[in-house]
Protein chains: 2
Amino acid sequence: MKRIVNFSAGPATLPLEVLQQVQAELLDWNGSGMSVMEMSHRDKEFMSIAQAAEQDLREVMNIPANYKVLFMQGGATAQFSLVPMNLLRGKTGADYIVTGDWGKKAAKVAAQLCTVNIAASSEADKFTGIPEPSSWKLDPNAAYVHITPNETIHGVEFHTEPDTLGVPLVADMSSNILSRPVDVSKYGLIYAGAQKNIGPSGVTIVIVREDLIGETLPKTPALFDYKQVADNDSMLNTPPCFAWYVAGLVFKWIKRQGGLAVIAERNRHKAALLYDYIDGEDFYTNPVRKVDRSRMNVPFTLANPELDGEFLKGAKAAGLSGLKGHRSVGGMRASIYNAMTIEGVQQLVDYMKEFVRTRG
Amino acid sequence: MKRIVNFSAGPATLPLEVLQQVQAELLDWNGSGMSVMEMSHRDKEFMSIAQAAEQDLREVMNIPANYKVLFMQGGATAQFSLVPMNLLRGKTGADYIVTGDWGKKAAKVAAQLCTVNIAASSEADKFTGIPEPSSWKLDPNAAYVHITPNETIHGVEFHTEPDTLGVPLVADMSSNILSRPVDVSKYGLIYAGAQKNIGPSGVTIVIVREDLIGETLPKTPALFDYKQVADNDSMLNTPPCFAWYVAGLVFKWIKRQGGLAVIAERNRHKAALLYDYIDGEDFYTNPVRKVDRSRMNVPFTLANPELDGEFLKGAKAAGLSGLKGHRSVGGMRASIYNAMTIEGVQQLVDYMKEFVRTRG
């Protein structure tokens, strides 16, 4: 069996011991005589898997009791529509803070359903940082304020929650959920596609304060109504059972690591390894303001872009994969989610050093 | 390793050799050094998996070139909304033929978005057959006619396509897709949740004639617009990669079996084994009109419902699982999808005989 060091932005590397457990019980889960893929979602076997996953997530993230946890489908992109469908509650507008392409997309999709106020944007700075909160033009009548706490493409991350003056804060946490402890009570709603820190693509987590749901836009299908999904334990119809199960194994893995404080310390260490090397080596550049740099996605460019192809080819030969930057920004990107090991990051740094030595 | 005989209505039993292949390549797909769960959907590895799955499905179902094949999320229930969002094309109403609870649900959800004409319903007959086509009150101005070719709960199946007088026929084929050859050109749109004959839950197949798409209801999100999904090869956002991959393995398994003609013959044989026994034994009853009986879901009742619990307990002890009927109809239900073997059905019949002998 061959295993590469996988820096893909998502779907992304998963903890090896989670994959090994999935493999071991693939034909017969816990003596049930079935694969998890074959279980009715109404059976006690799957119900136990589903409930344990929710409980473990609640424990790991310390989610208050007045928040619902939903397991949905459609990825963050579906949530771009579902958030305004559910959270306008009679209001007509929402504030969006745009710090990268994903926040920009979220705002564009929401604009189909409500008046979107771009309260702040760093687009003029090519998304290399977070606009000063004092400059934000927040609307006190907004239904919510939407942020993207980590921009996967640009490598920009909020390291603290902004003060939204009492307006519910909504966060697309797809690419940094579970990377560190977060005070959930500061958010009205958190959503995240699974395929970075949670598990395989195909399941989407929504964590929402229960007083915010129950009033949707007219003609909202039940399947897209958070209240109805919550009231049916995310089983209004057949859920994505297998992805839900793998997510549950990842939550248990986080607990075994010691929880989010330990994970966060490891992530800090991994990011520092890489940024410190980049900052100390003229051949590589990361354009993001230091205080706003992402601990999950590290974009960088080579001094000579003509060497990009050679860099990627050599990386692949060294077993380092998924390093090509997003087409919209070019260069390289190392995604170093929870399941990326310190050793994996060190291998990348070693390769980058060697590349400078031989080709720089 | 223990394996039960699984008669669950869905998620349901999968071909053992498909599960074995998934298990074998779970940590390292085809020498890539990654699990399929870890692959970027934009990488050539996953692209090859995705494209092969579509090609194999096209081949197995003989899908004409002017049909798009989409791999979506949200199950058939999401399609209950997406069908009217996409197919009204300026019209205001659609015809629904209701032959069970699923068709009734589809009509109810569609009624949020358009005028639904229940052109025929067998509800007064407790969904024990398909209303005579001559009695259907079809509207020639309907945008489409919706049928549920197989009703999973009631065990009622269309064995031929109705004539809709030129109005596009739309079919929720969730529980009988791939169970027999179908002339796709007779349909405007076919949709199916995966968790019966396709693969694990979490992926939904849509097969749609390309001239019917491109005009949606206002404010339809791109993610729910068949045309935009088609134009982006079902990768407008991250798709449910792992479920898509397993579906592809099931399509290859169908090809290895000899295709849908062979599958259909096996399914006819399995259904006949069970229905012939039920019809010849007073203790068991199936209420559906013989010509409309499902080859996928066989509901039956015991002469004495007080023995239901004992029947199920004994079945479980004999390794036969998932036989409890849907709560809305009671009794038993044996779902005998493609992956259920003839031997499995024979074991059920043997158990039913033994139960009559000892407890009937």
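Predicted model: local features only at pLDDT ≥ 70, side-chain atom pairs only at ≥ 80, totals over all residues.
Let me begin with a definition: two residues are in contact when heavy atoms of theirs lie within 4.5 Å.

Next, the polar part. Between chain B and chain A there are 30 residue pairs in polar contact. Two salt bridges are found across the interface. In a salt bridge between Arg3(B) and Glu38(A), the N to O distance is 2.7 Å.

Which of its residues are buried? They are Val18(B), Leu19(B) and Val22(B). Viewed down the axis of H1(B), the buried residues fall within an arc of 95°, so they line one face of the helix. Their packing partner is helix H6 (241-257) of chain B.

I now come to two individual residues. Gln73(A) sits in the loop between strand S2 (67-72) and helix H3 (75-87) of chain A. Is Gln73(A) buried or exposed? Its relative accessible area is 12%, and the threshold for burial is 20%, so Gln73(A) counts as buried. A polar atom of its side chain lies 2.8 Å from the backbone nitrogen of Gly74(B). Beyond its neighbours within four places in sequence, Gln73(A) has contacts that include Thr204(A) and Pro239(A), and also Gln73(B), Gly75(B) and Gly202(B).

The second residue, Thr77(B), belongs to helix H3 of chain B. Thr77(B) is buried as well, at a relative accessible area of 17%. Setting aside neighbours within four places in sequence, Thr77(B) contacts Leu223(A), Asn237(A) and Trp102(B).

Finally, salt bridges over the whole structure, of which there are 40. One of them joins Lys104(A) and Glu123(A), at 2.6 Å from N to O. Lys104(A) lies in helix H4 (residues 101-110) and Glu123(A) in the loop between strands S4 (115-121) and S5 (145-147) of chain A, so the pair ties together parts that are 19 residues apart in sequence. Lys104(A) is partly exposed at 37% relative accessible area, and Glu123(A) is likewise partly exposed at 37%.

Within helix H5 (residues 226-231) of chain A, Lys227(A) and Asp231(A) are four residues apart, about one turn of the helix. Their closest N and O atoms are 2.9 Å apart in a salt bridge.

In chain B, Glu59(B) and Lys255(B) form a salt bridge at 3.2 Å. This pair links distant parts of the chain, 196 residues apart, with Glu59(B) in helix H2 and Lys255(B) in helix H6. Glu59(B) is exposed, at 52%, whereas Lys255(B) is partly exposed, at 32%. In chain A, a network of salt bridges links Asp56(A), Glu59(A), Lys252(A) and Lys255(A).

Technical notes: Residues numbered from 1 in each chain as written. Chains lettered and ligands numbered in written order. Heavy atoms only, no water. Buried < 20%, exposed > 50% of the residue type's maximum accessible area, 1.4 Å probe, protein only. Helix = DSSP H or I, 4+ residues; strand = E, 2+ residues; numbered from the N terminus. Arc of directions from axis to C-beta. Salt bridge = Lys/Arg side-chain N within 4 Å of Asp/Glu carboxyl O. Polar contact = N/O pair within 3.5 Å; in protein donor to acceptor, adjacent residues only side chain to side chain.
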